[in-house]
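User: I've got this model open and I'd like to go through some of the labels. Can you take me through them?

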Amino acid sequence: QVQLVESGGGLVQAGVSLRLSCAASGRTFSSYAMGWFRQAPGKEREFVAAINWSGDSTHYADSVKGRFTMSRDNAKNTVYLEMNSLKPEDTAVYYCAAGQVVADSGRLYEYWGQGTQVTVSS
């Protein structure tokens, strides 16, 4: 079992940066691939980024590539999402998830956090 708790969301202006964190419980955290997803009001959940168990391989959605960076610290059981040059269209609830493989499909992730709200004003 892995429990995930996101933090770091908030209300920011367009163009600024924000870092989300996802703290995991469980001794097996380092064996999981991790992903970030987001869901805007009235829209389906979409993939944002993913990272493999060791942190040396990442995968990003085209919409965030070059602006967002995902990383992990297995010693701290935490993954991060550094978000730069934020845009109003980045407004969503952001969720972290744990799974067996790096994937952009939410169906391949076993554990999910409760989400953290990010609101970007223009």
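**Labels and their cut-offs**

User: Why is S21 called buried?

Analyst: S21 has a relative accessible area of 16%. Buried means under 20%, exposed over 50%, and partly exposed in between, with a 1.4 Å probe and protein chains only. So S21 counts as buried. By the way, this is a predicted model: local features need pLDDT of at least 70 and side-chain atom pairs pLDDT 80 or more, while totals for chains, interfaces and linings use all residues. Residues are numbered from 1 along each chain as its sequence is written, and side-chain values use heavy atoms, leaving out hydrogens and water.

User: What is S21 in contact with, beyond four places in sequence?

Analyst: V5, E6, S7, W36, T78, V79 and Y80. Contact means heavy atoms within 4.5 Å. S21 itself is in strand β3 (residues 18–25); strands are DSSP runs of E, at least two residues, numbered from the N terminus.

User: And T116, why is that one buried?

Analyst: Its relative accessible area is 10%, so T116 is buried. T116 sits in strand β11 (residues 116–121).

User: What does T116 touch, leaving aside neighbours within four places?

Analyst: Its contacts are E6, S7, G8, G9, L20, A92, V93 and Y94. A polar atom of the T116 side chain lies 3.2 Å from the backbone nitrogen of G9.

User: How many residues does the largest nonpolar core have?

Analyst: It has 37 residues. A nonpolar core is a set of buried Ala, Val, Leu, Ile, Met, Phe, Trp, Tyr and Cys residues joined through side-chain atoms within 4.5 Å. Among those with the most contacts inside it are M34 and W36. Elements giving two or more residues to this core include β3 and β11.

How values were computed. Helices (H or I, at least four residues) and strands (E, at least two) are DSSP runs, numbered from the N terminus. A polar contact is a pair of N or O atoms within 3.5 Å; within protein, one must be able to donate a hydrogen and the other to accept it, and residues adjacent in sequence count only if both atoms are side-chain atoms.
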